[in-house]
Amino acid sequence: MATKPSFWLMKSEPESFSIQDLARSPKKTTDWSGVRNYQARNFMRDMTKGDRVLFYHSSADPSAVVGTSVVVKEAYPDHTALDPKDHHYDPKATKEKPIWEMVDIKLDEIFPEPLPLGELRKVKALADMELLRKGSRLSVQPVRPREFEVVVQLAGQAAGTAKRAAKKKAAPAAKPRKKRSSAR
DNA sequence: GCCAACGTTGGC
DNA sequence: GCCAACGTTGGC
């Protein structure tokens, strides 16, 4: 690839399409139809194959970054804009001028533990993230490489913490060990 | 081109 | 369910 991969964040309400839905999709891939915001569309036009995407659950309990995915198909017309029966139908769109576009993304990983918005706000290195800006509503947004890296790293840490907590919880149920002299 | 009214998003 | 922050629409 000519350029380095870029990094993005895409929002979805888990009620309509969750990362678990993505995991169950054929080839763990979905098209990102239904975006009806020009800025978000323009960002999708900037995407190239191999770009990495943070998957975010909005209006969730709690809202959180829940995993990562990869762009596998670059922007092409969003056919749902042409379908009068579709919820995202746009009467201004035509076959010649589709207006709206979408990309395909494929699941990379589901984080062992979601990273809630509240946790992300505590992290200094993420202070400039678009997602954390007051009143930010962009459903498709760029993420700095550094921010992407930090989020993925945090997800790894959170997983470790959760594992240790689970172990601790399970420990009291375990049989008390017979003491024996250690050779060490 | 201005701007009020309206609709939507999304955290809380 | 509330409401702040936006984006869009349409009258003028």
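Strand β3 (residues 52-57) is mostly covered, with 5 of its 6 residues buried. Buried means under 20% relative accessible area, computed with a 1.4 Å probe on protein chains only. Strands are DSSP runs (E, at least two residues), numbered from the N terminus. The model is predicted: local features need pLDDT of at least 70, side-chain atom pairs count only at pLDDT 80 or more, and totals for chains, interfaces and linings use all residues. Residues are numbered from 1 along each chain as its sequence is written, chains are lettered from A and ligands numbered from 1 in the order in which they are written, and side-chain values use heavy atoms, with hydrogens and water left out.

β3 has two pairing partners. Two strands pair if DSSP finds at least two bridges between them. Strand β1 (residues 7-12) pairs with β3 in the parallel sense, over 6 bridges. Here Met10 stands opposite Phe55. Strand β4 (residues 64-77) runs antiparallel to β3, again with 6 bridges. Arg52 stands opposite Val70 in this pair. β3 and β4 form a hairpin with 6 residues between them. In the turn, Ser59 has a positive phi of about 50°.

Polar contacts are pairs of N or O atoms within 3.5 Å. A polar side-chain atom of Tyr56 lies 2.6 Å from a phosphate oxygen of DNA strand B. Ser59 places a backbone N or O atom 2.9 Å from a phosphate oxygen. For Arg137, a polar side-chain atom lies 2.5 Å from a base oxygen.

Notes: Polar contact = N/O pair within 3.5 Å; in protein donor to acceptor, adjacent residues only side chain to side chain. Buried < 20%, exposed > 50% of the residue type's maximum accessible area, 1.4 Å probe, protein only. Helix = DSSP H or I, 4+ residues; strand = E, 2+ residues; numbered from the N terminus.
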